[in-house]
Structure formats: structure tokens, C-alpha cells
Amino acid sequence: MAGQHRDQPTAARGSSKDSGAVSSTDTGHPGVDVPRLRKALGLGVATGIVSAFPLWKIPRKPLALWSGGIAAAVATGVLMLKRDQLEREAEVQGEAPTEASRARRLGAPVVTGALFGGLMAGSMWLTSVTDEWSEKLMARLGAKRPRATYAVLAGVGTALIDYFDDSPGRSGQDGKVDPGETSGKRA
């Protein structure tokens, strides 16, 4: 091939396992992983669009209470459905059902849901505070349109982080590691 050394094997599309690269050049630099780049750009664009909305202009108390309440309700419902599913599966398999009081059966999902809702409410409160702080920082730095600048920086930052993230779960596009592939870390 033109521009390729004789000794260098031709890289087939998607065959490089070590860097996730799709192709390589004669200098040995990895090529661009197009599916990963598309995913990163899509996530970056979505983050930029969401960041364009000034969350801090929504009153904090209702924002925190609504998001926390919804999260608590969803978490409680999911946990209760999962518990019912497990009980039905045990019944089908012929296992004796565990005798627990109604309060005990509802207690764990409700307490867990309430804790998750509280965490979500606190998270939304903090997000609102940092959103306002970030927009004001952009204005102090001289941005003519601080919200737009913030949105672009958030989108670009998210895309870069997503594309260059090499955490262990990101070894393949689907998160699965090939059986013959080993980690670069030593035990």
C-alpha cells in the first residue's frame, strides 16, 4: 500500500485490539475509532444542549423536592416490584415463602427509596448552585454570552473525556473483553 512500510502488516478495519484503533499510518500512530468518536460527539452535543438551559433560574427548593420525590417514588416502586418478582419465582420453584410482617416487607424499599430521593434532592440542589457559579465565572472571565460559552465548554469537555476514556469497562464498544485479550496491568 502507498505510504506503508514493507514490514508493517496491513491493518484490517476493526482488527486492532490494543488501542481500539481502526487503522494505522506509517508512523505507527493509531487511527480514529469512528464508532467511538460518533458516540463521544453525540454525548458532547447532548451535554451542550442540556447545559444551555439555566438550571439555576428554577427555584432551588421546588427543584430539589420534585426531583428527590420523583427519584424516591421510582426507586421504591422498582424495589417493591423486584421483591414481588423474587417472591413469585420462589413460589414457582416450590420454596416456602418467608413470613414477614407487612411493615417489614415495605420497610426496606421505602427506606432505600427515601435515602435515594434525599441523595437526588441534594444532588439537584448542588447542581443548581454550581450551575449558577459556573455561569457567573464565565461572565467574570469576559464571555459575551456566558451560558453559550459554558454549554460549548461542557459539550467539548464531555466529548473529549468520553472519547479518550480507557477505563477497564471500555475495552470494547459493547463493554465486553475478548477472551484472549489481557489487561495491561500486572497483578
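**Overview. Salt bridges in the predicted model.** Six salt bridges are counted in this structure, which is a predicted model. The close-up views below show several of the residues that take part.

**View 1. The salt bridge between D166 and R36.** The side chains of D166 and R36 come together in a salt bridge, with a nitrogen-to-oxygen distance of 3.4 Å. This pair joins distant parts of the chain, since R36 belongs to helix 1 (residues 34-51) while D166 sits in the segment after helix 4 (146-164), 130 residues apart.

**View 2. The salt bridge between R60 and E132.** A salt bridge is formed by the side chains of R60 and E132, at 2.4 Å from N to O. Because R60 lies in helix 2 (residues 60-92) and E132 in helix 3 (residues 102-140), the pair ties together parts of the chain that are 72 residues apart in sequence. R60 counts as partly exposed at 24% relative accessibility, while E132, with a relative accessible area of 17%, is buried. Both residues also belong to a network of salt bridges that links R60, E132 and K136.

**View 3. The salt bridge between D131 and R147.** D131 and R147 form a salt bridge in which the closest N and O atoms are 2.9 Å apart. Here D131 in helix 3 is linked with R147 in helix 4, the two being 16 residues apart. D131 is buried, with a relative accessible area of 6%, and R147 is likewise buried, with a value of 11%.

How values were computed:
Residues numbered from 1 in each chain as written. Predicted model: local features only at pLDDT ≥ 70, side-chain atom pairs only at ≥ 80, totals over all residues. Heavy atoms only, no water. Salt bridge = Lys/Arg side-chain N within 4 Å of Asp/Glu carboxyl O. Helix = DSSP H or I, 4+ residues; strand = E, 2+ residues; numbered from the N terminus. Buried < 20%, exposed > 50% of the residue type's maximum accessible area, 1.4 Å probe, protein only.
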